[in-house]
Amino acid sequence: MGTANSTTLDVALVQYDIAWEKKSANHARIEAELIAAEVSSGALVLIPELGDTGFSFDLDAICNDGGQSLSWARRMAETHGWTLQIGHAEQAPDGRGRNCATVVCPDGRMGTYQKMHLISLLGEDRSYDPGHHILLADLRNGLTLSPSICYDLRFPELFRISEHQGANLFGVIACWPVERIDAWRQLLISRAIENQSWVLGCNRAGKDPNLSYGGTSIIISPDGTVLAEADRNEEVVLKATLEIDAGVRFRDRFPFTSEKRLDLLGSADVIRI
């Protein structure tokens with residue numbers, strides 16, 4: 001992977017089998033894997049949904065740690081120069097959970113997106129509360145990252161509204177089950193094509209006490225080209241270099257998103273960092 005410059009961005013997606021509810025062990029492994037993969041300073045790094053605990057509903061076990069997830073991410077950003085999008089849980093004052101994707105930048109900026117769509121099929125809505133805002137993180141080189149989480153992927157209006165607000169890079173982190181992994185791949189490519197934006201899909205591998213997961217982390221360009229893709233079962237740091245100017249030229253040549261009907265779009269609160 002090349003060194004990032006004014007027209008490129010290195011990205012790294014960590015696909016691995018999460019140690020169940022063992023935050024410190026997962027943090028140590030993620031850092032070791034990124035260092036071993038020689039991920040460059042300046043890169044954007046994604047880890048999966050609830051990536052340091054697994055898809056657990058035991059909020060006492062995964063939340064009461066004094067902010068360990070965020071302090072770890074800040075140290076990683078400061079030490080290695082990476083921008084991170086991490087998946088983690090928070091607990092609200094009322095005891096309910098928040099399924100979060102937090103973007104942590106080397107310059108100290110940080111913002112949290114709370115998963116908007118909770119999958120009732122798995123009982124997520126019984127433990128977690130849905131979020132109500134979009135997060136936009138201005139990176140560099142004209143890229144604006146919009147994070148989302150797993151089941152959000154099935155709701156294209158969220159991505160369309162984010163694109164209208166300026167997003168051109170979507171980071172989707174997930175614990176996506178292997179039974180529906182073909183849908184994961186097709187939906188990610190669709191989100192890239194319809195929004196003419198880069199899409200990074202970072203899914204976990206392995207299994208937990210409840211489900212088996214399908215990996216297939218993927219990096220997609222604004223024209224829908226798959227730049228890199230992991231297998232279903234492998235544990236890997238998936239890397240690519242985004243050629244930003246190529247994406248801009250494609251959007252300029254085929255300005256499809258500029259012809260969207262704004263009267264058909266909804267709205268959402270936006271937080272920018």
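In which kind of crossing does α1 pass α3? The crossing is right-handed, meaning that the near helix is turned clockwise from the far one by less than a right angle.

The model is predicted: local features need pLDDT of at least 70, side-chain atom pairs count only at pLDDT 80 or more, and totals for chains, interfaces and linings use all residues. Residues are numbered from 1 along each chain as its sequence is written, and side-chain values use heavy atoms, without hydrogens and water.

Select α1 and helix α3 (residues 68-80): their axes, lines fitted to C-alpha atoms over the stretch in contact, are 11 Å apart at an angle of about 20°. Because angles under 35 degrees count as roughly parallel, α1 and α3 are roughly parallel to each other. Helices here are DSSP runs (H or I, at least four residues), and strands are runs of E with at least two.

Next, show the residues in contact (heavy atoms within 4.5 Å). On α1 these include His27, Ile30 and Leu34, and on α3 they include Trp72 and Met76.

Now pick Glu31 in helix α1 (residues 23-36). Its relative accessibility is 14%, so Glu31 counts as buried (under 20% relative accessible area, with a 1.4 Å probe and protein chains only). Leaving aside neighbours within four places in sequence, Glu31 touches Arg75, Met76 and His80.

Move to Leu50, in the loop between β2 (44-46) and α2 (59-63). Leu50 is not a glycine, yet has a positive phi of about 45°. Its relative accessible area is 0%, so Leu50 is buried.

Finish at Cys150, in the loop between β7 (144-149) and α4 (156-164). Cys150 also has a positive phi of about 45° without being a glycine, and is buried at 8%.

Key. Buried means under 20% relative accessible area, exposed over 50%, partly exposed in between (1.4 Å probe, protein chains only). Axes are lines fitted to C-alpha atoms, for helices over the stretch in contact, and angles run from 0 to 180 degrees between N-to-C directions. Angles under 35 degrees count as roughly parallel, over 145 as roughly antiparallel, 65 to 115 as roughly perpendicular and the rest as oblique.
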